[in-house]
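Have a look at the model first.

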Amino acid sequence: MILSRRTLLAGLALSGTTAPAFAQSAPEPQLIPVELIENTLNLPSIVRLGHKHGDVIMVEYFDYNCPWCKRSAESLPPLLKAEPELSYVLVNFAVLSNQSVAATRAALAYLQLYGPERYLPLHLALFGLRGTVDGERALLEAERLGGDRQRMTELADSDRTTGWMKDAFATGSDLGLVATPSFLIGTEAYIGGMSLDQKRDAIARARG
């Protein structure tokens, strides 16, 4: 989903926005400075999936209320299966609405309590929900997966969680990410939705 300038500048005090669907063509790659990639990989809120030391690192900035992010989540398990040498990194980038911010708070609370090894089922579950995903719905899904509601609620509202979200927003802004999802693949950024085949083509491009 394309982000308006107003939405980007609003940061974590956000209002909702709508946007036209992306075309089926893949977004154009944009070369980005290595230090900005390193800033992303140093974020405390990231979730690492796939190969621990992959030959290519792919980063996805996403929002739980972005329809193209939902499609990306659906293609994530087959991508990881097809690309066993890939390191995949998730970055919660709650920029579309206050509901997105609340859902991300709940998701990050779950991450802090149970670690990245248990995060993927929650990630897929949240994108499997119909309609708007807010904090309460995210907590319910996390609770269904064994999360402690009281502890998650406390962590969701903590300064630490707020700091994590602000750091991710600042890093995404430094990268010039103006749409969700946005991807970093190797040393290039792809701003906008990508199909499974388009992702694999971009990974092959990064491998040279």
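Predicted model: local features only at pLDDT ≥ 70, side-chain atom pairs only at ≥ 80, totals over all residues.

Side-chain values use heavy atoms, with hydrogens and water left out, and residues are numbered from 1 along each chain as its sequence is written.

**Ring pairs**
- There are 6 aromatic pairs in the structure (rings of Phe, Tyr and Trp, the last by its six-membered ring, with centres within 6.5 Å; planes under 30 degrees apart are stacked, over 60 edge-to-face, the rest tilted).
- One of them is Tyr61 with Phe93, edge-to-face at 5.2 Å centre to centre and 85° between the planes.
- Tyr61 is in strand S3 (residues 56-62) and Phe93 is in the loop between strand S4 (86-92) and helix H4 (98-114), so this pair ties together parts 32 residues apart in sequence (helices, H or I of at least four residues, and strands, E of at least two, are DSSP runs numbered from the N terminus).
- Tyr110 and Tyr114 make a tilted pair, 4.9 Å centre to centre with 50° between the planes.
- Those two are 4 residues apart in helix H4, about one helical turn.

**Burial**
- Tyr61 is buried at 0% relative accessible area (buried is under 20%, exposed over 50%, partly exposed in between, with a 1.4 Å probe and protein chains only).
- Phe93 is buried too, at 1%.
- Tyr110 counts as buried at 1%, and Tyr114 at 15%.

**Cluster and charge**
- Tyr61, Phe93 and Phe169 form one aromatic cluster.
- Arg71 lies over the face of Trp68, 4.6 Å from the ring centre (the rule is NZ of Lys or CZ of Arg within 6 Å of the ring centre and within 35 degrees of the ring normal).
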